[in-house]
Amino acid sequence: MTPTTGITAVLWLPGPPPIVRLLDQRQLPGSEQYLDCARPEQVMDAIKTLTVRGAPAIGIAAAYGVAQYLLVYPDGEFDDVLTQACARFAATRPTAVNLFWAIDRMWAAGQHSAGKSLVDRQAALVGEAQAIHADDAQCCVDIGRHGAPLLPDKGGVLTHCNTGALATGGIGTALGVIRTAHAQGKQLHVWMDETRPLLQGARLTAWECAKDGMQATLICDNMAGHVMGKGLIQAAIVGADRIAANGDSANKIGTYSVAILCAYHKIPFYIAAPTSTIDLTCPDGQAIPIEERHPSEVTCPQGAQFAPNGVAVFNPAFDVAPAELIAGIITEQGVARPPFAETLRQMVLAAQLRRDGC
Ligand code: MRU
């Protein structure tokens, strides 16, 4: 049984005028508001400000944004405008490779449409963005199917950040696995890290779990070790923003600490992500660019002043869980096990073959 969520993070309204509709994640859980982006610059801004967030959802939003760019700026040489659109979207956030993967697909679709009329080329880009969206929804279902058997029939599962419908085009990656296991009747208790500084766990994962009626408990990030020590967590599962060729996985800041805690407590630590998150050009985690965000996110979260003005702040948005701490990487193609250098390559190849219809 495939779970459903009723949550749509990104929606394309063909118009005219063409709109990229985003569920404004900055407002959650307080209010469910949608931001209608009539211009691609608004989509770029929404990615930068985390109005839309989560690696796959960023890629989907950027894909629609690139298509919208070519509709909103029809004058000028098509390939030049496409190059400009791709470059501008690529400059929005640096870590989630799904963004660049989606932009590359849009670029390739534009090249493939060469020789056609402007209207047909614009339609080809809209079609590619819709395909990226639909593919991701299917990836989530497949990740859930492959990952659910790894979770215990009964017990606690820790997750970090938000990896659900808000972060993807479907039921989610790590949260999609939990959802699928829950729908299969497994008696899981979800432990949700609040995920400082932007509180994606507290604001978003808690909201999604409540909508699903899942048993879930929110903890501050620094409580995870205590809860593990009490024997309440049997598995941990998180998403990823970029997985290097050796399996080192970048995800929301705090993930590295969770992986170390799991190793100490002998709890399996899983990553769940589509193959679009695997970057074989990055040999290891050292090569993954880590976004640093504004200090005010740490000193003044949600508008509440937590620290004195002028205090020095370091605010990396992601960290890297080393491959040796990861029990398995769950993709839509199956579960990659160590040694990841070999198994991740196989997953990417299988995904390419599937897309090529082989
Ligand atoms: O800064 P964010 O909220 O975009 O970071 C999101 C995460 O780190 C998620 O865990 C990751 O993108 C996986 S989403 C399926």
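## The ligand's cavity

The ligand sits in the largest cavity. A cavity here is a set of points on a 1 Å grid over the protein atoms alone, where a 1.4 Å probe fits but cannot get out. A molecule sits in one if more than half of its atoms lie within 2 Å of its grid points. Helix H2 (55-72) and strand S9 (249-252) are the elements that give two or more residues to the shell around the ligand. Helices (H or I, at least four residues) and strands (E, at least two) are DSSP runs, numbered from the N terminus.

This is a predicted model: local features need pLDDT of at least 70, side-chain atom pairs count only at pLDDT 80 or more, and totals for chains, interfaces and linings use all residues. Residues are numbered from 1 along each chain as its sequence is written, and side-chain values use heavy atoms, with hydrogens and water left out.

## The shell

There are 18 residues around the ligand. A residue counts as near if one of its heavy atoms lies within 4 Å. Arg53, Arg93, Asp241, Asn251 and Lys252 come nearest.

The shell residues divide into 7 nonpolar, 7 polar and 4 charged. Asp, Glu, Lys and Arg count as charged; Ala, Val, Leu, Ile, Met, Phe, Trp, Tyr, Cys and Pro as nonpolar; the others, Gly among them, as polar. Domain 1 (10-141) and domain 2 (151-356) each supply at least three shell residues. Those bounds come from an automatic or database domain assignment.

## Polar contacts and burial

Polar contacts are pairs of N or O atoms within 3.5 Å. A polar side-chain atom of Arg93 lies 2.8 Å from a ligand oxygen atom. For Gln200, a side-chain N or O atom is 2.9 Å from an oxygen atom of the ligand. Asp241 places a polar side-chain atom 2.8 Å from a ligand oxygen atom. Taken alone, the ligand exposes 410 Å², and the protein buries 100% of that (Shrake-Rupley method, 1.4 Å probe).

## Backbone features

Two peptide bonds are worth a look. The bond from Gly15 to Pro16 is cis, with omega near 10°. The bond from Pro16 to Pro17 is cis, with omega near -5°. Pro16 is in the loop between strand S1 (10-13) and strand S2 (19-23).

Methods. A polar contact is a pair of N or O atoms within 3.5 Å; within protein, one must be able to donate a hydrogen and the other to accept it, and residues adjacent in sequence count only if both atoms are side-chain atoms. On a 1 Å grid over the protein atoms alone, a cavity is a set of points where a 1.4 Å probe fits but cannot get out, and a pocket is an open set with protein on both sides within 12 Å along at least five of seven lines; lining residues have an atom within 4 Å of a point.
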